[in-house]
Amino acid sequence: MMAGEGSLAAKGFVDSSVHADVKDYYGKVLKKTSDLKSNACVAPTKPVPAFISQAVKKVHPEVSARYYGCGLVMPECLEGCSILDLGSGSGRDCYILSQLVGEKGHVTGIDMTEDQLEVARTYTDYHMQEFGYKKPNVCFIQGYIEALTEAGLENNSFDIIISNCVVNLSPDKRRVLTEAYRVLKDGGELYFSDIYSSGKLTEEIKKHKVLWGECLGGALWWKDLLQLAEEVGFSPPRLVTASIITVDNKELQDILGLFKFVSATYRLFKVPKGSTKPCQVMYNGNITGAEDSFHFDCQYTFKVDEVVEVDGEVASILTHSRFMEEFTFQPPGGPRGPCGVKAKTGIVDPFELVLQLEKQSPGSATGGCCSTRSPACCK
């Protein structure tokens, strides 16, 4: 999967002044979550299932204390999967994922900040003993999320990539997405939470070191993500959930002016485009933690034994990804029966979704299907 492990710096990749500032902010300025000046890096984006809460409780307090994510990035169907965490920091998400993929799965964390990596590595043995594993299924490497090749990560080597409030910290988002696409297996998924703005930010905001460190100065206009994903080769982003970001600092708020920010979770898949027709699907209910219903995104929540009409885009994702064996497929136009439903119109604007979510409390789940019984998964 990789050329080696340890303190791997990216050869041939020169970090920018932005990288240096971020390293300093997360390595020296921030010592604990309470040091943050906004809720951008701590905002939860969906409720936490009980078995995830149990996994979180097993993470060492020191690791959790250095956690600066903007959402719970725990997608479904994880058992036996190979997962990469971009900007893994102190390793909190990696150690949660370690429990969900099981001993046969593997989690790799990559981060450029040595201070954060030191915390993560210090507690590897502690967590493996806590989880009852005979050998580690987690490793941490030093490197840049824009330079996965230089860090030793090979093409088509991961089932899933997650990222938790880190892509915004990169000065080159296109390169991050390009590298992620390269190391993902066919059918693989980039599932990530990040911060997005209501418009293209001014140069003053982009150059403000504290705002950048707080995950706001480097935020993409949400429409730019849609364009970048398409240009790199991903399927159109599927919006999962979103929540508004608040800045409780008058000085910073004055600089931000009328710009608004949202923490949003998107799913991007490495699957063929335009090759699948719309169809009807029925969820089989075998995903751990989602036995009754599977919340795929803000458009589709699949209930067990309920026939749902999906468009060609979603049909391609379901038939080419690790979710393939979790559904029964049939051509469009077939009998839907009394429980059959048509999908609602999809939402791509996270700010629009926030308005809807204020009126409801959507469920969430994660679990495992990426095991030896699922050939679409871990090849």
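The model shown is predicted.

**The whole chain**

Begin by displaying the complete protein chain as a cartoon. Its secondary structure comprises 13 helices and 14 strands. Next, show the surface: the accessible area comes to about 15,600 Å², and 53% of that area belongs to carbon and sulfur atoms. Of the 379 residues in the protein chain, 57% count as buried. Turning to contacts between residues at least 6 apart in sequence, 83% of them join residues at least 24 apart.

**Helices H4 and H6**

Select residues 92-101, which form helix H4, together with residues 124-131, which form helix H6. The axes of H4 and H6 come within 11 Å and cross at roughly 30 degrees. Angles under 35 degrees count as roughly parallel, and H4 and H6 are therefore roughly parallel to each other. The crossing in which H4 passes H6 is right-handed.

Now display the side chains where these helices meet. H4 contributes Tyr95, Ser98 and Gln99 to the contact, while H6 contributes Thr124, His127, Met128 and Phe131. Classed by type, the residues of this contact between H4 and H6 are three nonpolar and four polar, with no charged residues.

**Ile255**

Finally, select helix H11, residues 250-256, and locate Ile255 within this helix. Which residues is Ile255 in contact with, leaving aside its neighbours within four places in sequence? They are Glu204, Ile205, His208 and Leu211. To conclude, draw a distance between the C-alpha atoms of Ile255 and Ile205: the two residues lie 50 residues apart along the chain, and these atoms are separated by 6.9 Å.

Note on methods: Residues numbered from 1 in each chain as written. Predicted model: local features only at pLDDT ≥ 70, side-chain atom pairs only at ≥ 80, totals over all residues. Heavy atoms only, no water. Axes fitted to C-alpha atoms, helices over the stretch in contact; angles between N-to-C directions. Helix = DSSP H or I, 4+ residues; strand = E, 2+ residues; numbered from the N terminus. Parallel < 35°, antiparallel > 145°, perpendicular 65-115°, else oblique. Left-handed = near helix turned anticlockwise from the far one by under 90°. Contact = heavy atoms within 4.5 Å. Nonpolar A, V, L, I, M, F, W, Y, C, P; charged D, E, K, R; others polar. Buried < 20%, exposed > 50% of the residue type's maximum accessible area, 1.4 Å probe, protein only. Areas by Shrake-Rupley, 256 points an atom, 1.4 Å probe, with all protein chains shown as cover.
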